[in-house]
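User: I have a structure to go through with you. Can we take it piece by piece?

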Amino acid sequence: MKQNLRTAYGEALVEAGKCDPDIVVMDADLCKSTMSVLFEKEIPERFIEAGIAEQNMTSMAAGLAIGGKKPFIHSFAVFDTGRNFDQIRQSICLPKLNVTICGSSGGLSDFADGATHQSVEDVALMRVLPNMTVFVPCDAVQTKKMVKASLSIEGPVYIRINRMDLPVVYKEEDAFISGKAYVLREGTDFVVFAQGVMLHKALEAAEMLSKEGIAVRVVDVPTVKPLDAVQIKNLVQGMKGAVVAEEHSRIGGLYGAIAEILIEDATVRVKCVALNDVFGTSAENYEVLLAHYGLTADKIIEAVRAF
Amino acid sequence: LVDKNVLIKSLEEKARILRKNIIEMIGVGHAGHVGGSMSCADIIACLYFYKLNISSENFIQQDRNRFIMSKGHSVLAQYAALAELGFFPKSELVKTKTLKGILQGHPDRNKTPGIEANTGSLGQGLSIGCGLAIAMRLNKIERNVYILLGDGELAEGQVWEAAAAAKHYKLDHLVAIVDANNMGAVGFHKDRYCMEDIKAKFESFGWDAYVVDGHNMAELIRVLDTCDRSCGAPKVIVAHTTKGKGLNFAENNASYHNAALDEAQVQLAREAFCGEKKEVCV
């Protein structure tokens with residue numbers, strides 16, 4: 001079963017807003033895409049249309065947080081981390097204010113709009129900022145849990161939301177704890193760390209490899225930062241190799257985060273399936289675009305076999 | 001009228017003390033933002049000792065006026081006032097911009113009591129003020145948010161995003177003050193990069209705009225009182241000032257935007273700001 005992450009996100013925002021009168025939602029003229037429009041419909045008095053002015057929206061959120069509010073700001077991931085990077089750094093991260101930044105249509109998921117609208121560097125940009133927490137959900141259930149979790153975190157949180165419907169792998173009763181990785185399939189030969197859409201590709205790859213007698217452990221890493229280094233090191237114990245799969249540049253994202261931890265002991269080789277330092281492009285559908293950049297189960301299988 | 005004259009005199013005296021404090025913070029041989037701190041000292045004195053009613057006791061409350069130093073490099077003037085108000089011991093002043101001090105080169109709300117927002121990357125303070133004004137409206141708090149901007153800072157496009165937002169949301173508790181000292185870090189705006197008519201620009205965004213002499217305490221008092229009136233529009237005060245005001249060698253001299261002073265200059269400054277009673281400076 002597939003569900004839409006944006007819709008799940010918007011519904012979670014409404015739910016949170018009904019319980020907490022301090023939640024304020026801002027959007028930069030994309031509320032129908034980010035689905036913050038659901039909040040506007042239900043709680044219009046706490047929805048602020050910021051206009052197409054992401055920098056002002058971001059610093060306004062800082063002001064709202066100083067005034068005791070819990071702002072959520074929205075745009076496409078590429079604009080909500082790039083256009084306003086300095087505002088996030090200076091007015092939000094430095095003072096460690098409670099602002100949640102939603103980067104919607106993350107990665108290549110806005111497949112038709114091309115490179116200007118696709119984010120291949122947003123996770124790296126947010127991860128490098130001190131005080132920032134970075135979430136990348138892989139399904140609708142996890143998305144909802146992240147919205148809730150962001151409210152109990154001291155300091156800013158970035159949530160990258162995929163535009164498309166993705167298979168649901170989590171159940172309502174499953175836990176989501178910031179910083180924890182989750183083993184979704186056990187295996188003893190190799191480990192694949194993945195997040196977002198690539199988590200599903202990793203599960204597919206593991207299923208195919210199992211038919212050849214290769215047992216792959218698939219780990220969902222929904223929190224890029226902070227990352228539990230001990231847990232990541234434990235998960236590679238006894239493995240013949242580790243692959244990191246992400247819908248992002250190979251520079252600075254999840255591959256970087258995992259490699260930075262594993263290089264300390266260097267007990268296992270680490271490879272990645274990611275964008276090879278290139279921008280996106282327009283395509284007729286999402287799957288075609290992912291395949292164009294090698295973000296497929298087949299490429300994960302290739303990486304595993306090549307150890 | 002007598003009372004008013006007493007008020008003006010006392011605020012002028014406060015401004016003198018702020019300038020004296022600024023010199024003690026900069027000291028001998030360390031670069032400091034002399035020019036912009038001196039140009040806004042009278043504005044800061046009028047805000048902190050007449051209009052804001054912010055104290056170390058009420059600072060933790062939401063229900064109070066707010067002040068954001070958007071031109072963060074001039075924070076020495078604000079530190080000078082916060083020290084006078086007892087937000088931190090005056091002994092901190094000489095530790096400005098040191099590892100052991102609590103006074104950073106630019107405002108940091110987590111390191112210095114009395115600081116509202118982290119600024120220094122220019123152009124963000126007005127937006128932060130807009131957010132704060134909306135938070136206060138949601139909380140049903142009827143107070144003002146004051147933001148001090150530099151005239152050079154107005155070149156940042158984000159200022160005009162905020163100007164549009166403030167009008168759209170009818171933030172009539174928002175009072176922006178432009179410290180129009182006519183100079184940037186390198187020279188006069190007219191020679192290098194000019195934003196032309198500041199008042200007309202804000203008016204075209206739907207703001208109520210006023211122009212005053214930023215070193216005339218009577219004018220500052222009057223215009224800040226005028227800005228208390230609610231009218232559905234945000235207000236801007238274009239305060240014409242002199243960069244380096246009060247220091248002969250630094251006035252209208254861009255070399256003192258961020259400069260180290262030698263011993264003789266510090267001595268001259270101490271004499272200039274020692275007051276009628278010839279206070280001995282530490």
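Analyst: A salt bridge here is a side-chain nitrogen of Lys or Arg within 4 Å of a carboxyl oxygen of Asp or Glu. This is a predicted model, so local features need pLDDT of at least 70 and side-chain atom pairs pLDDT 80 or more, while totals for chains, interfaces and linings use all residues; side-chain values use heavy atoms, without hydrogens and water. Residues are numbered from 1 along each chain as its sequence is written, and chains are lettered from A and ligands numbered from 1 in the order in which they are written.

User: What does Lys240(A) form a salt bridge with?

Analyst: With Asp189(A); the closest N and O atoms are 3.4 Å apart. Lys240(A) sits in the loop between α10 (229–235) and β13 of chain A, and Asp189(A) in the loop between β9 and β10 of chain A, so the pair links parts of the chain 51 residues apart. The helices (H or I, at least four residues) and strands (E, at least two) are DSSP runs, numbered from the N terminus.

User: Is Asp189(A) buried or exposed?

Analyst: Asp189(A) is buried, with a relative accessible area of 14%, whereas Lys240(A) is exposed at 54%. Buried means under 20% relative accessible area, exposed over 50%, and partly exposed in between (1.4 Å probe, protein chains only).

User: Which residue meets Lys233(A) in a salt bridge?

Analyst: Glu264(A), at 2.8 Å from N to O. Lys233(A) is in helix α10 of chain A and Glu264(A) in the loop between α11 (254–262) and β14 of chain A, 31 residues apart. Glu264(A) counts as exposed, at 58% relative accessibility.

User: How many salt bridges are found over all chains, and how many across the interface of chain B and chain A?

Analyst: The whole structure has 30. Across the interface of chain B and chain A there are zero.

User: How much area do the two chains bury between them?

Analyst: About 1900 Å², with 57% of it on carbon and sulfur atoms. Buried area is the accessible area (1.4 Å probe) that two parts lose on being put together, summed over both. The contact (heavy atoms within 4.5 Å) takes 24 residues from chain B and 26 residues from chain A.

User: Sheets next. What is the strand order of the open sheet in chain A?

Analyst: β9-β11-β10-β13-β14, five strands with mixed pairing. Two strands pair if DSSP finds at least two bridges between them. β9 (182–185) and β14 (270–275) of chain A are at the edges with a single partner strand each, so one side of each has no neighbour in the sheet. β10 (residues 190–194) and β13 (residues 242–249) of chain A are parallel over four bridges, and Ala194(A) has Ala245(A) as its bridge partner in β13(A).

User: And chain B: why is β2(B) largely enclosed?

Analyst: Because six of the six residues of β2 (residues 145–150) of chain B are buried. Val145(B), Ile147(B) and Leu149(B) are on one side, and Tyr146(B), Leu148(B) and Gly150(B) on the other.

User: Which strands are joined to β2(B) by bridges?

Analyst: β1 (residues 66–69) of chain B runs parallel to β2(B), with four bridges joining them. Six bridges join β2(B) to β3 (residues 174–180) of chain B, also in parallel. Met69(B) has Leu148(B) as its bridge partner, and Ile147(B) stands opposite Ala176(B) in β3(B).
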